[in-house]
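This report describes the fold, the surface and several individual residues of one protein chain. The overall properties come before the residue-level detail.

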Amino acid sequence: MIRHLVLFRLNDGVERDDPRVVAGVEAFRALGGRIEELRFWECAWNISDRPIAYDFAINSAVEDTDALKRYLEHPDHQAGVALWREFATWVIADYEF
């Protein structure tokens, strides 16, 4: 199995209630039920107020690197990424477990 972690940081001046952000969160929350390759899916706002904290996180799992590739290329995933590109930056980690 491969864990796919993504941490998002909203760009300066962008708030959680920005309509673009709301749409981006909704798009990602829907992925768990739409993409067959996902074996585990959760996403949520970070509750930490530490200055080094990111704002939003995705924690997911897929079977293998082929499944990860299919997930990343899935049109619904790509649509969500396009939304987030407008207002956030992110880091990822993919590892076997």
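The mean positions of the 11 positive and 18 negative charges of the chain lie 1 Å apart. In this count Lys and Arg are positive and Asp and Glu are negative, while His and the chain ends are left out; each charge is placed at NZ of Lys, CZ of Arg, CG of Asp or CD of Glu.

The model is predicted: local features need pLDDT of at least 70 and side-chain atom pairs count only at pLDDT 80 or more, whereas totals for chains, interfaces and linings use all residues. Residues are numbered from 1 along each chain as its sequence is written, and side-chain values use heavy atoms, with hydrogens and water left out.

**Overall fold**

The chain contains 3 helices and 4 strands, arranged along the sequence in the pattern β-α-β-β-α-α-β. The radius of gyration is 13 Å, close to the 13 Å that the globule rule gives for 97 residues, so the chain is as compact as a globular protein of that length. Helices (H or I, at least four residues) and strands (E, at least two) are DSSP runs, numbered from the N terminus. The radius of gyration is taken over C-alpha atoms, and the globule rule is 2.2 Å times the number of residues to the power 0.38.

Along its principal axes, the C-alpha trace spans about 35 × 25 × 15 Å. Of the contacts between residues at least 6 apart in sequence, 72% join residues at least 24 apart, a contact being heavy atoms within 4.5 Å.

The UniProt record, an unreviewed entry, carries the annotation "domain: Stress-response A/B barrel" for residues 2-95. Positions from UniProt follow the numbering used here, feature names are shortened, and annotations may be inferred rather than shown by experiment. The end C-alpha atoms of residues 2-95 are 5 Å apart, and this span is 35% helix and 32% strand.

**Surface and burial**

Buried residues account for 36% of the 97 residues. Buried means under 20% relative accessible area, exposed means over 50%, and partly exposed lies in between (1.4 Å probe, protein chains only).

**Selected residues**

| Residue pair | Separation in sequence | C-alpha separation |
|---|---|---|
| A61 and L7 | 54 residues | 15 Å |
| R50 and G33 | 17 residues | 32 Å |
| Q78 and Y95 | 17 residues | 21 Å |
| D55 and Q78 | 23 residues | 20 Å |

Strand β3 (residues 56-62) includes A61, and S60 is also placed in strand β3. A61 is buried, with a relative accessible area of 1%. Apart from residues up to four places away in sequence, A61 touches M1, I2, R3, E37, L38, R39, F40 and F97. S60 counts as buried at 1% relative accessibility. With neighbours within four places set aside, S60 is in contact with I2, R3, H4, L38, F40 and W41.

The loop between β2 (40-45) and β3 holds R50, and D55 is found in the loop between β2 and β3. R50 is exposed, with a relative accessible area of 53%, whereas D55 counts as partly exposed at 22% relative accessibility. Leaving out neighbours within four places in sequence, D55 is in contact with F8, R9, L10, R16, A44, W45 and N46.

Helix α3 (residues 75-85) contains Q78. Is Q78 buried, exposed or partly exposed? At 37% relative accessibility, Q78 counts as partly exposed. Beyond its neighbours within four places in sequence, Q78 is in contact with L72 and E73.
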